[in-house]
Amino acid sequence: MRFDLSETEKSILELSWSRKCWMAGAEFWSQLNEQGRSFKRQTVNTYLSRMSDKGLLIKNKTKYIYAFTKEEFEEKRAAEVLNTMYNGSLKNFLTALTGNIKISPDEASELRNYLDKLK
């Protein structure tokens, strides 16, 4: 899955989102190592290149920035999970999520209201 990330990829995106500016590979390397990670520069550059190829980062010469805001990323990741694992069916997803447990009338009403707003 395109939006299923390793811990290092998550860390790289979190750094990019927090800085909100273009960053060089050396900056990512330095920040990751300050967080207690022990990476060689080439390893970080390989991650950056692969993430750029996956469309998660945008590359401009030697600098990178996120391709999606955190909110956009989370929406795309959720849609990917829904489509990949539940054939795009919200009903199948909710059934799996709840384990087919009954919900209260208030929760059902709240969910109906929310779904009606999506129409």
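In which helix is Glu75 found? Glu75 sits in helix α4, which covers residues 70-86. This is a predicted model.

**The negative patch**
- Glu71, Glu72, Glu74 and Glu75 form a negative surface patch.
- Glu75, one of these residues, belongs to helix α4.
- Glu75 counts as exposed because its relative accessibility is 56%, and the cut-off for exposed is over 50%.

- Leu90 has a relative accessibility of 39%, so it counts as partly exposed. Partly exposed is the class between buried, under 20%, and exposed, over 50%.

**The sheet**
- Three strands make an open sheet: the 3 strands follow the order β1-β3-β2, and their pairing is antiparallel.
- β1 and β2 are the edge strands, as each of them pairs on one side only.
- Strand β1 takes in residues 23-24, while β2 takes in residues 57-60.
- Strand β3 covers residues 63-66 and pairs with β2 over 4 bridges in the antiparallel sense.
- Which residue of β3 is the bridge partner of Leu57? The partner is Tyr66.
- In general, the strands of a sheet pair through backbone hydrogen bonds, and the pairing is either parallel or antiparallel.

**Two positive phi angles**
- Most residues other than glycine have a negative phi.
- Lys20 has a positive phi, near 55 degrees, and is not a glycine.
- Where does Lys20 lie? Lys20 is in the loop between α1 (7-19) and β1 (23-24).
- Is Lys20 buried or exposed? Lys20 counts as exposed because its relative accessibility is 62%.
- Asn87 is not a glycine either, yet its phi is positive, at about 50 degrees.

How values were computed
Residues are numbered from 1 along each chain as its sequence is written. This is a predicted model: local features need pLDDT of at least 70, side-chain atom pairs count only at pLDDT 80 or more; totals for chains, interfaces and linings use all residues. Side-chain values use heavy atoms; hydrogens and water are left out. Patches are made of residues with over 30% relative accessible area and no salt bridge: like charges are joined within 9 Å, nonpolar side chains (Val, Leu, Ile, Met, Phe, Trp, Tyr) within 5 Å. Accessible areas come from the Shrake-Rupley method with a 1.4 Å probe; for residues, only the protein chains shown count as cover. A salt bridge is a side-chain nitrogen of Lys or Arg within 4 Å of a carboxyl oxygen of Asp or Glu. Lys and Arg count as positive and Asp and Glu as negative; His and the chain ends are not counted. The place of a charge is taken as NZ of Lys, CZ of Arg, CG of Asp or CD of Glu. Buried means under 20% relative accessible area, exposed over 50%, partly exposed in between (1.4 Å probe, protein chains only). Two strands pair if DSSP finds at least two bridges between them.
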